[in-house]
Amino acid sequence: MSTAGKPRVLLMHPILDPGPAILAEAADVIPYSPDLPLDEAYIRQAAEGCVGIVSQLMDPIREAVLSTPGLKIVSNVAVGFDNIDVAAATGHKVMVTNTPGVLDDSTSDFAFTLLMATARRVVEADYFTRQGKFRGWAIDMMLGTDVYGATLGIIGIGRIGRGVAHRAKGFNMRVLYYDPNPLTPEAEQQLGATRVDLARLLVESDFVSVHVPLTPETQHMLSTQQFDQMKRSAILINTSRGPVIDEAALVAALDAKKLAGAGLDVYEREPAVHPGLIRMPNVVLAPHIASATTRTRSEMSAMAARNMATAVRGGRPPNLLNPEVKK
Ligand code: NAD
């Protein structure tokens with residue numbers, strides 16, 4: 001307990017309004033120093049005496065942190081939670097929450113933005129024009145790939161994968177998906193999506209867009225063998241998590257022209273980006289901003305703050321990932 005009498009909560013990074021006010025009503029908020037490394041030993045030290053931690057995806061929240069005496073909840077400001085060892089949290093009876101749903105549209109929009117930008121070489125074209133290289137219309141200038149009517153393969157048809165499928169309908173795309181959890185026949189019909197195995201999706205798709213969580217099963221699920229199966233004209237889009245793709249193998253496949261291009265929002269060792277990707281004009285790179293709209297980031301902040309406030313008041317937070325901790 002703090003001198004103010006409220007439970008203490010460690011805020012790893014600033015969040016957007018109305019998150020801070022929601023947190024401040026329920027807790028005494030201790031900001032993590034931006035000068036400290038995002039290292040478990042330092043986080044553990046900062047978390048001493050706190051009942052909660054409001055974390056973000058770059059914060060490693062594992063055994064050393066989760067074993068902090070008195071810790072009750074970790075509220076992640078993200079839908080993905082691969083930065084948290086949920087099994088260890090459950091072992092220590094620490095609740096873990098995330099922010100599902102509020103970022104689906106922004107993230108699906110951005111996956112489609114990367115798809116369009118890569119297919120039609122928008123970033124390259126912008127540089128070209130700014131550099132004064134546009135000297136007049138030419139029949140063979142900046143030729144790209146058609147999106148309308150093309151085949152889109154979606155890996156992981158969860159909330160965001162379905163959002164991308166929905167957008168693809170407007171482009172008259174043929175949508176294939178691969179997911180161990182099938183859609184209902186009604187949802188398949190409504191989205192116009194056909195379930196296939198991964199090999200068929202890779203062989204038939206003009207665009208492959210990845211929307212799985214990062215887990216031991218999905219780590220490097222796309223590597224040399226999968227790139228070899230894809231069309232040489234295909235474009236790969238990733239707005240999920242970097243380590244789902246073997247980045248070195250992707251660079252090798254692009255260098256060998258086994259793929260036509262890639263649109264990436266996430267990287268294997270963020271914030272580092274493979275130097276091979278940086279030098280490729282047929283790759284569009286974004287700094288992990290798929291959910292970055294003012295509305296969405298504000299809703300994520302509010303949701304994470306509400307999860308925390310509910311838990312510190314003794315309630316069951318709405319977005320609890322390990323319900324066995326709080327019956
Ligand atoms: P979700 O849980 O609704 O959907 C994930 C889907 O992946 C599920 O349908 C699941 O069955 C499927 N899946 C799991 N393992 C699979 C496998 N091995 N092969 C194929 N499919 C598999 O999650 P969501 O809300 O759609 O988010 C998906 C992921 O996107 C998140 O976990 C997060 O890491 C990432 N994300 C990134 C950003 C960003 O800023 N770039 C924003 C939001 C989400």
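Leu57 lies in the loop that links strand S3 (52–55) with helix H3 (63–66); helices (H or I, at least four residues) and strands (E, at least two) are DSSP runs, numbered from the N terminus. The structure is a predicted model, in which local features need pLDDT of at least 70 and side-chain atom pairs count only at pLDDT 80 or more, while totals for chains, interfaces and linings use all residues. Residues are numbered from 1 along each chain as its sequence is written, and side-chain values use heavy atoms, with hydrogens and water left out.

Because its relative accessibility is 31%, Leu57 counts as partly exposed (buried is under 20% relative accessible area, exposed over 50%, and partly exposed in between, with a 1.4 Å probe and protein chains only).

Helix H2 (residues 40–47) comes next. At its start, a side-chain oxygen of Asp39 comes within 2.9 Å of the backbone nitrogen of Ala41. Just after H2, Gly49 adopts a positive phi of about 85°.

Turning to the sheet, seven strands form an open arrangement with parallel pairing, in the order S8-S7-S6-S9-S10-S11-S12; two strands pair if DSSP finds at least two bridges between them. At the edges are strand S8 (193–195) and strand S12 (283–285), each pairing on one side only. From one strand to the next, the twist averages 20° (axes are lines fitted to C-alpha atoms, and angles run from 0 to 180 degrees between N-to-C directions). Within this sheet, strand S6 (residues 151–155) and strand S9 (residues 207–210) run parallel and are joined by four bridges. Leu152 has Phe207 in S9 as its bridge partner.

How values were computed
A polar contact is a pair of N or O atoms within 3.5 Å; within protein, one must be able to donate a hydrogen and the other to accept it, and residues adjacent in sequence count only if both atoms are side-chain atoms.
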